[in-house]
Amino acid sequence: MSKVTELAQRLESLHIKGMYGQDFYWTWDKSADELEAVFAVADALRDLRERNISTRIFDSGLGISLFRDNSTRTRFSFASACNLLGLEVQDLDEKKSQIAHGETVRETANMVSFMADVIGIRDDMFIGEGHKYQQTFMEAVREGHRDGILEQRPTLVNLQCDVDHPTQCMADLLHVIHHFGGAENLKGKKVAMTWAYSPSYGKPLSVPQGVAGLFTRFGMDVVLAHPDGYDIMPEVEAVAAGNASASGGSFRKCASMEEAFQDADIVYPKSWAPYAAMEERTRLYGKGDQKGIDALEQRLLAQNALHKDWTCSEEMMKRTRDGKALYLHCLPADISGVSCPEGEVDGSVFDRYLVPLYKQASYKPYIIAAMIVLAQVRDPAGALRALEAAGAKRKAF
Amino acid sequence: MSKVTELAQRLESLHIKGMYGQDFYWTWDKSADELEAVFAVADALRDLRERNISTRIFDSGLGISLFRDNSTRTRFSFASACNLLGLEVQDLDEKKSQIAHGETVRETANMVSFMADVIGIRDDMFIGEGHKYQQTFMEAVREGHRDGILEQRPTLVNLQCDVDHPTQCMADLLHVIHHFGGAENLKGKKVAMTWAYSPSYGKPLSVPQGVAGLFTRFGMDVVLAHPDGYDIMPEVEAVAAGNASASGGSFRKCASMEEAFQDADIVYPKSWAPYAAMEERTRLYGKGDQKGIDALEQRLLAQNALHKDWTCSEEMMKRTRDGKALYLHCLPADISGVSCPEGEVDGSVFDRYLVPLYKQASYKPYIIAAMIVLAQVRDPAGALRALEAAGAKRKAF
Amino acid sequence: MSKVTELAQRLESLHIKGMYGQDFYWTWDKSADELEAVFAVADALRDLRERNISTRIFDSGLGISLFRDNSTRTRFSFASACNLLGLEVQDLDEKKSQIAHGETVRETANMVSFMADVIGIRDDMFIGEGHKYQQTFMEAVREGHRDGILEQRPTLVNLQCDVDHPTQCMADLLHVIHHFGGAENLKGKKVAMTWAYSPSYGKPLSVPQGVAGLFTRFGMDVVLAHPDGYDIMPEVEAVAAGNASASGGSFRKCASMEEAFQDADIVYPKSWAPYAAMEERTRLYGKGDQKGIDALEQRLLAQNALHKDWTCSEEMMKRTRDGKALYLHCLPADISGVSCPEGEVDGSVFDRYLVPLYKQASYKPYIIAAMIVLAQVRDPAGALRALEAAGAKRKAF
């Protein structure tokens with residue numbers, strides 16, 4: 001039995017009817033079965049591509065990408081996923097600093113979506129705004145479809161918002177699953193999601209929040225560690241705590257990187273901005289108070305500089321399980337002595353994990369494609385079987 | 001009999017042989033049969049897409065878009081049309097302020113067209129320039145094809161020039177046709193194409209000109225209303241008058257929005273710049289006289305501000321037929337109290353027409369695609385029948 | 001026997017097994033058979049397209065273009081080639097002035113290549129950097145493929161580096177081959193690759209170097225002429241000399257345009273910067289010494305201005321074989337009295353050669369596509385036969 005057949009069988013045993021026609025905002029909106037389905041479809045699509053079997057399910061159609069922030073990696077991951085399924089990407093560029101008004105969003109959403117099957121939005125700049133923007137956009141196209149303006153209802157793939165970064169964290173987790181030989185082996189594994197020093201300030205909270213909200217669903221012991229003042233959104237902490245208790249794992253916080261790394265199986269050290277500061281920044285931007293923004297930036301940089309010892313050094317790594325925890329990062333990392341004098345991680349640590357880090361990233365296009373398939377195809381298991389049976393070559397010769 | 005079969009039959013009864021291999025500059029270059037053919041093909045393509053039937057007639061090939069002005073809507077409409085037919089869009093970015101020289105245009109035209117089946121150009125900035133630019137570009141590729149440089153002769157779709165905006169006005173009219181249940185029901189309908197106040201200045205004249213030149217062909221009573229000094233091109237007024245007398249309708253001008261709206265069945269209130277001022281602007285740009293341009297802008301803004309009462313208010317709408325005229329706009333509109341303090345239309349009026357406005361816009365990709373099909377396919381009726389018979393799925397599962 | 005069958009037979013007689021899976025950096029890396037194979041596949045692809053036969057060998061997949069300099073022509077040639085084969089282009093924009101570090105290149109290379117079958121890089125700004133950058137990039141994706149990060153190993157097409165411009169010079173040569181009725185007719189033809197005055201400074205050396213390195217392989221008498229101080233890279237001169245002696249042609253240098261043009265069959269007059277100055281510029285950029293760069297620019301412009309008599313005038317053309325040498329240029333040219341007061345070529349000369357110049361350029365997309373096919377397809381002759389036999393229409397109707 002081929003891997004795809006196996007995965008299709010597994011898919012058929014899951015309760016995923018609710019995914020059809022739905023958007024993907026946050027992982028915690030989805031059931032355990034639904035998350036497993038994303039992993040299964042991602043693995044199946046990758047297997048088909050490795051075997052040079054076409055996975056085009058669209059003969060034409062657009063994938064609209066909307067990045068309200070610069071992006072290379074996510075842009076290419078989205079473009080790759082769309083291409084894999086037969087959709088052509090069209091980028092919608094909006095000024096990144098502009099907090100759009102509902103009316104404008106509604107109109108733009110419809111005007112760009114006449115042939116859109118997928119909408120990928122990255123909007124992580126302003127706490128309290130990104131998710132709302134995505135909702136407004138998708139509500140508009142849902143109404144547009146209902147009112148006969150759009151022939152099809154496009155699917156949202158959240159490419160990062162102020163709350164969650166589901167395509168990143170799902171790719172991270174699929175990498176972890178394969179590393180440990182299956183989701184069933186994750187129970188009891190210790191995960192250190194820790195803050196780390198970076199000379200920049202204001203990085204989004206969506207990765208630590210996404211990890212807290214997702215990794216806690218697999219029975220792992222998730223420790224969220226950060227210096228005082230670098231809290232994440234309390235709503236997400238509550239989600240993580242609930243997940244942990246439901247999955248038989250744990251979720252706790254601590255204020256020491258050393259403690260978090262101690263005997264950890266997985267470490268995810270990265271910089272982020274304090275939630276409260278990001279809320280303040282959103283208010284300042286809303287008022288157009290550039291002076292206030294500059295002052296906030298100075299304050300945050302000074303606050304950051306107090307915590308240069310939060311870094312994933314060789315010494316820190318030695319504390320982990322056999323000194324060999326799986327090191328994760330969403331990339332790009334601030335590497336000490338390479339991209340900056342002092343940063344999130346030692347160059348020697350980063351270099352040692354280069355291959356697994358790139359492998360981790362390589363799951364993202366497949367995760368995005370799987371999210372699209374599950375929202376757009378009524379019988380995904382049947383579709384996978386049909387693609388394999390047809391065996392159309394991706395490269396003809 | 002399916003809708004597509006019906007439309008294909010209708011197509012076969014029309015004299016449209018002359019469309020094959022031709023460009024689409026202005027609607028008044030085309031016969032009544034040719035315009036009807038565009039509507040028929042647009043409706044057929046939409047019907048096929050609604051039924052998930054592939055309308056790819058190109059296996060590969062490029063659609064080149066050239067926007068000499070910022071654009072989101074038209075860009076996405078063109079990209080959607082190309083994608084619908086199997087063409088990939090490549091954008092050619094040129095500095096928007098540059099009035100290009102013939103030699104350069106000739107060279108660029110050939111260099112970007114090696115695999116181009118369609119060229120979409122929007123060049124509406126300078127009176128007396130946009131249309132000439134499109135002609136120079138297309139003459140160059142015609143020669144390139146003749147001389148064996150290009151394997152195929154690409155088709156022009158005028159995405160807006162200084163004279164006409166045919167994809168917009170054809171989409172507007174198709175919307176009107178469906179709203180009134182058929183082109184045969186348009187005879188005697190009163191259309192108010194009126195100027196309206198906007199805090200910006202210098203909007204193109206191509207929409208009012210395009211409406212005057214197109215809507216007069218269907219036996220309607222078209223009233224062009226604007227304050228003193230906001231004339232459109234006299235050549236287009238002459239075209240409109242000729243059309244009206246040929247179609248059994250009428251074309252007249254007046255200087256009162258109230259009068260134009262009185263008992264109107266259709267209203268199209270929008271801002272535009274005075275023709276004479278646009279001619280002056282072109283001259284100033286040609287000389288690189290920035291001071292002169294700034295002074296002109298100030299003068300035009302002051303002139304504009306005298307006519308804030310030209311707005312599509314609730315009171316104004318009450319004058320129309322049963323207070324329920326079909327409100328048209330090419331979007332985006334300047335909405336009073338929403339996008340500006342005082343603008344072209346009241347927020348409450350705009351909101352009431354939101355669904356029809358978006359529907360109006362939704363015809364544009366199909367209109368563009370229909371123009372491409374009619375210029376590129378020798379037997380469009382046969383092609384539509386063949387696409388329906390093949391029934392290849394656009395989305396496979 | 002069709003042209004494609006003939007070309008496929010010829011291909012089968014060539015030793016080109018080594019091309020599969022390889023990159024295309026410099027023409028002098030390739031054997032005579034390998035170069036001939038590129039021409040044969042280019043001609044076959046063009047023939048198929050002229051006969052409306054689809055040449056899609058990819059059902060999906062990306063072509064990544066990376067231009068570290070502005071580009072319209074090369075961008076469209078690459079996009080056309082990718083489209084012809086079924087690949088979708090995604091542009092990776094990097095700041096043009098930034099000399100990237102190895103680590104960053106390695107990461108970016110993998111992050112954008114998950115679905116990439118082809119990488120097209122143009123990096124001609126800095127002597128000693130462009131080729132290195134391409135190598136670093138391709139080493140990274142080769143490792144990525146080896147390590148299971150990338151499902152496929154993408155192929156490099158060098159779209160211009162500091163050393164060679166193979167897609168340009170191969171297109172130039174294919175044009176020359178067709179002009180003279182076959183490669184066998186090139187023996188003994190005199191080629192004048194000469195410097196010419198342009199009011200700009202700092203144009204890349206890759207074209208004269210590429211011509212010197214390529215045209216010398218066909219038994220031609222290649223003369224490289226330039227004013228004192230405008231030397232090209234000595235390594236490339238050595239390559240040219242070696243080629244000439246192996247092919248039974250000649251390679252010599254002279255300091256007189258008149259002498260080079262005397263009885264020439266082919267002339268290629270164009271501006272370039274002195275090699276030594278370009279090395280100095282690279283050093284200054286590396287140090288961020290803007291003052292030094294400005295001073296260098298002034299010095300080079302003054303040096304340029306001494307040689308305004310190096311121009312392809314009507315008088316100069318009269319010296320060539322029967323006054324009718326084939327005039328080549330990579331475009332855009334600096335045309336005296338058109339794009340600048342005094343430039344590389346007289347307007348009347350340029351105009352007379354307009355059609356052959358555009359024809360010359362029209363080979364580039366096919367050359368690029370041929371390079372891709374030969375690197376990606378194990379049996380290119382079989383693939384060409386199969387495409388012709390299948391006869392799938394590029395445009396269905």
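**Close-up views of the chain contacts in a predicted model**

**View 1. Chain A meets chain B.** The contact draws 31 residues from chain A and 34 residues from chain B; contact means heavy atoms within 4.5 Å. This is a predicted model: local features need pLDDT of at least 70, side-chain atom pairs count only at pLDDT 80 or more, and totals for chains, interfaces and linings use all residues. Residues are numbered from 1 along each chain as its sequence is written, chains are lettered from A in the order in which they are written, and side-chain values use heavy atoms, with hydrogens and water left out. About 3000 Å² is buried between chain A and chain B. Carbon and sulfur atoms give 57% of that area. Buried area is the accessible area (1.4 Å probe) that two parts lose on being put together, summed over both.

View 2. The interface holds 3 salt bridges (a side-chain nitrogen of Lys or Arg within 4 Å of a carboxyl oxygen of Asp or Glu). One salt bridge pairs the side chains of B:Arg73 and A:Glu107, at 2.9 Å from N to O. Between chain A and chain B, 18 residue pairs are in polar contact, both residues at pLDDT 80 or more. A polar contact is a pair of N or O atoms within 3.5 Å; within protein, one must be able to donate a hydrogen and the other to accept it, and residues adjacent in sequence count only if both atoms are side-chain atoms.

**View 3. Strands and helices build the side of chain A that touches chain B.** At least two residues each come from strand E1 (62-67), strand E2 (88-93), helix H4 (102-111) and helix H16 (380-390) of chain A. Helices (H or I, at least four residues) and strands (E, at least two) are DSSP runs, numbered from the N terminus. H4(A) gives the largest share, 5 residues. By class, this side has 14 nonpolar, 7 polar and 10 charged residues. Ala, Val, Leu, Ile, Met, Phe, Trp, Tyr, Cys and Pro count as nonpolar, Asp, Glu, Lys and Arg as charged, and the others, Gly among them, as polar.

View 4. The copies use different surfaces: 6% of the contact residues of chain A recur in chain C.

**View 5. Chain A meets chain C.** Here the contact takes 34 residues from chain A and 31 residues from chain C. The two chains bury about 3000 Å² between them, with 57% on carbon and sulfur atoms. A:Phe76, A:Tyr358 and A:Phe397 supply 26% of the area that chain A buries against chain C, more than any other three residues. The count between chain A and chain C is 3 salt bridges. The side chains of C:Glu151 and A:Arg46 form a salt bridge at 2.9 Å, N to O.
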